[in-house]
Amino acid sequence: MLVKDANDNLVPLVDLQGRFIKGLGDYSGKYVKNEYYNEGEAPERSVDVEIAIQLKEENKAFKVEKYVHSYPHCWRTDKPILYYPLDSWFIK
């Protein structure tokens, strides 16, 4: 998902280090996945759990439940892979 920054440029909600960008309140600067924190620095609740709790408390979520599914991981670091919307050019 893209949002406008201070200069009205469209930027992803997550920077290239895997953290939420500034301007997202309590979530700014937090890593999207706990695996990206250094050893011992990860919070007790991951951001996805915090968001789910907030949505449920604000009555903005009909149902919140855990769902186990496969997720791509880097073969070298074994960390989750994050995908970013990027402009691309293809020349034939």
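A polar contact is a pair of N or O atoms within 3.5 Å; within protein, one must be able to donate a hydrogen and the other to accept it, and residues adjacent in sequence count only if both atoms are side-chain atoms. I wrote that down before opening the model.

**Ground rules.** I'm looking at a predicted model, where local features need pLDDT of at least 70 and side-chain atom pairs pLDDT 80 or more, while totals for chains, interfaces and linings use all residues. Numbering starts from 1 along each chain as its sequence is written, and side-chain values use heavy atoms, with hydrogens and water left out.

**Overall layout.** I found one helix and two strands, running β-β-α from the N terminus. Helices (H or I, at least four residues) and strands (E, at least two) are DSSP runs, numbered from the N terminus. I noted a radius of gyration of 16 Å for the chain, whereas a compact globule of 92 residues would have one near 12 Å. That radius is taken over C-alpha atoms, and the globule rule is 2.2 Å times the number of residues to the power 0.38. The C-alpha trace spans about 50 × 35 × 25 Å along its principal axes.

**Asp15.** I went to the loop between β2 (10-12) and α1 (47-57), where Asp15 lies. Its side chain reaches the backbone nitrogen of Gly18 at 3.0 Å. Leaving aside neighbours within four places in sequence, Asp15 is in contact (heavy atoms within 4.5 Å) with Ile21 and Tyr84. I put Asp15 down as partly exposed because its relative accessible area is 21%; buried means under 20%, exposed over 50%, and partly exposed in between (1.4 Å probe, protein chains only).

**The core.** Which residues make up the largest nonpolar core? I listed eight: Val14, Phe20, Tyr27, Tyr31, Tyr36, Tyr37, Val47 and Leu82. A nonpolar core is a set of buried Ala, Val, Leu, Ile, Met, Phe, Trp, Tyr and Cys residues joined through side-chain atoms within 4.5 Å. I then checked Leu82, and not counting residues up to four places away in sequence, Leu82 touches Val14, Gly18, Val32, Lys33, Tyr36 and Tyr71. Of the chain's 92 residues, 16% count as buried.

**Positive phi.** I looked up two residues here. Asp8 is not a glycine, yet has a positive phi of about 65 degrees. Asp8 lies in the loop between β1 (2-4) and β2, and counts as exposed because its relative accessibility is 55%. Asn59, also not a glycine, has phi near 55 degrees. I found Asn59 in the segment after α1, and it counts as exposed at 67% relative accessibility.
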